[in-house]
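Me: I have a structure open and want to learn how to read it. Can you take me through some features, one by one?

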Amino acid sequence: MEKKRQFFTTPIYYVNAKPHLGHAYTSIAADVATRYKQMDNQETYFLTGTDEHGDKIVQAADDQNTSPKAYADQISQLFQDLLPLLQIKNDQFIRTTDPDHIGVVTAILTKIHDSGDIYFASYEGLYCFGCERFYQERELVEGKCPDHGVAPEKIKESNYFFKMSKYQEWLIDHINTHENFIQPAQYKNEILSFLKEPLEDLCISRPKTRLTWGITLPFDPDYVTYVWFDALVNYVSALGYPDGDKFKRFWPTTRHFVAKDIIKPHGIYWPIMLKAAGLDIYEGLNVHGFWNVKGSKMSKSIGNVTDPIEVTKEFGVDPFRYFLMREMVFGLDANFTEDAIVSRINADLANDLGNLFSRILSMNTRYFEGKIMGQDAALAAQFSLEANAINAIDGFKEAMERCQFHKGLASIWAFISTMNKYIDTNEPWSLAKDPSKESALGTVLYNLVEGVRVVSCLIYPVMPATSRKMQLALGLEIPAKGFFDLDQILPWAQIKKGVSLDKPEILFPRIDIKERASNASPQKAVVKKKKSFKPALKEEISIEDFSKIDLRAATILSAEKIETSSKLLKLVVDIGAQTRQVIAGIGKSYTPQDLVGKQVIVVANLKEARIMGELSQGMVLAASHKKELILSGFEKDLLPGNPVK
Ligand code: MSP
């Protein structure tokens, strides 16, 4: 019989920043799902890669004074190097700058254009440069982009549009008739509720006058392809669409793993693109939540990223994978803290599993010199753990089929906890004191050894190295492919009577919390602080010198542009006793509308000066950040004139 097939993908990650724990999570989740399907005797293919076109990459390369391609090469390599470090066994790594990929994007665009689903039109809309897309008024939050928190700019352009609206009813019907198309259900509902409103056609081009770093449209050399239209196609270009063998084998048996930030492109644009291009629709989308740090999404722009390499160096790869899969309820957000990972390692791994394993093998060594006694037929039923093992396997399978990794692991750990209780109830140490109980003791230990054999098989997708370590210690003949299939775990009682087992090495060393706290050094912290800024400090001044500066809270009453300058704004500020006119060079970072009503800090006793012919009676304080100026302010509204010390 032909094997069932399954194709798994991660998002292709932008190369505007190096990989962090959030990226590692999605890739590990897809790896766990792939390994699980392999245990289910399916043929799998696992793709990940990097998304290398678009504004974001150009900006990141600019910041580093390098070319987009050189920059992409460098960061893409970091994503590639991370995979083996996390025990991720991908079959392919795709880059959107690969010539084959570019060829497929071109072919698909041509196909959709020829079929009449792409048209040219002039469009005026609200464009967020951070997201590289137009926004509808209703999608904004208080007039601002929900992701970047800045007001999008109104721009007018002629562009190419993809007739998504034509496929809206079809998509709704597809989602409703394909039970697992988007899972978990809350995300399916989110997409369906978005589709209750009329779907806008998608602008799929960017004029080269604005962006050149992209794939040229086959039907207009003055435009490049919108980054999502390019990126999504990776899932079929990687397989060698249209004639490649892999494409024929694995498309459309595809499950895409993504976080909730990108469900719209995956749940709406992508199926419609496939439909319009005459391709089969992928099987489904598995959507997870965000890893947060102190309540905010871990992301480069917030500066709270955790480097997965640092975490694995500190805690080990298997514990890291276990923590990620156990801590996050797939679909919901989770918090990353060092305390959480330490307590999972100590409680679940060192204590529950590690201790259990070493207790069992140590008792077997102590009481039987390591020899497996096997079970006494007359006592087998009384001491059997088989039913508990079957429960664990069933619970694991049911959860893993639905990507509920946390539940799958919980099912194994319920069995581990049963075994720990079983030891306490049956007291092997008491049985050992009574020679007439030798076969009872042998039977108890045999059931426990069998129990941890089952556990060693089930943990494979999440902790492959630990699974192997346990199986070697149990003297099992590990199949050449490196794991036991699900249907090889049972029957019960596979370990042969008479084999000799050694005392095992410790699976997971306990982390000494006190010692960690006393050794804590800034270098050890795995949640990265924002890079600090280290220009030389100015010469020391006395408190008297400082107190000569009269700093005041000031409210901006009006603001206008100085027409002859691109960056100067004329502000009128209330400093309590007086109003002042201040000329500030913040026009590239703030619009006049942004400023009226804002509270800032003003140097109130600065000698008057003329700037571009305008009188300036003070100075507002601001910090420069990259190419922007960020105004200083207060956490609470103050009365204008309030001194600042
Ligand atoms: N390039 C696009 C995807 C194109 S796919 C055809 C992109 N790239 S990204 O680098 O921003 O990656 C987003 C993905 O990274 C998320 O969907 C998720 O898989 C992962 N994560 C990034 N930050 C994350 C968290 N804080 N938490 C969980 N996952 C995170 O979007």
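Reply: Start with a definition: two strands pair if DSSP finds at least two bridges between them. One caution: this is a predicted model. Now a case. Strand 17 (residues 551-561) and strand 18 (residues 569-574) are antiparallel and joined over six bridges. Within that pairing, serine 558 has valine 572 of strand 18 as its bridge partner.

Me: Which residue of strand 19 stands opposite valine 572?

Reply: Glutamine 581. Strand 18 also runs antiparallel to strand 19 (residues 579-584), with six bridges joining them. These two strands form a hairpin, and four residues lie between them. Look at glycine 576 in that turn: its phi is positive, about 90°.

Me: How many residues lie between strand 24 and strand 25 in their hairpin?

Reply: Two. Lysine 626 sits in the turn and has a positive phi of about 50°. Strand 24 (residues 622-625) and strand 25 (residues 628-631) are antiparallel, joined by four bridges.

Me: Next, sheets. What holds the strands of a sheet together?

Reply: Strands of a sheet pair through backbone hydrogen bonds, in a parallel or an antiparallel sense. For a parallel case, take the open sheet of six strands, in the order 3-2-1-12-13-7. Its edges are strand 3 (92-95) and strand 7 (182-183), each pairing on one side only. Inside the sheet, strand 1 (residues 5-14) runs parallel to strand 2 (residues 43-51), and eight bridges join them. Tyrosine 13 stands opposite threonine 50 of strand 2.

Me: Which strands does helix 1 touch when it packs on this sheet?

Reply: Strand 1, strand 2, strand 12 (254-259) and strand 13 (284-288). The direction of helix 1 makes about 170° with that of strand 1.

Me: How do I describe two packed helices?

Reply: Use the angle between their axes and the distance between the axes. The crossing is left-handed. From helix 1, the contact uses Val32, Tyr36 and Lys37. From helix 15, it uses Phe396, Lys397, Met400 and Glu401.

Me: How many residues of that contact are nonpolar, polar and charged?

Reply: Four are nonpolar, none is polar and three are charged.

Me: Let's finish with a single residue. Is valine 105 buried or exposed?

Reply: Valine 105 is buried, because its relative accessible area is 0%. You will find valine 105 in helix 4 (residues 99-114). Setting aside residues up to four places away in sequence, valine 105 touches Ile215, Thr225, Asp230 and Val233.

Me: How many residues apart are valine 105 and isoleucine 215 in sequence?

Reply: They are 110 residues apart in sequence. In space, their C-alpha atoms are 8.0 Å apart.

Terms used:
Residues numbered from 1 in each chain as written. Predicted model: local features only at pLDDT ≥ 70, side-chain atom pairs only at ≥ 80, totals over all residues. Heavy atoms only, no water. Left-handed = near helix turned anticlockwise from the far one by under 90°. Contact = heavy atoms within 4.5 Å. Nonpolar A, V, L, I, M, F, W, Y, C, P; charged D, E, K, R; others polar. Axes fitted to C-alpha atoms, helices over the stretch in contact; angles between N-to-C directions. Buried < 20%, exposed > 50% of the residue type's maximum accessible area, 1.4 Å probe, protein only.
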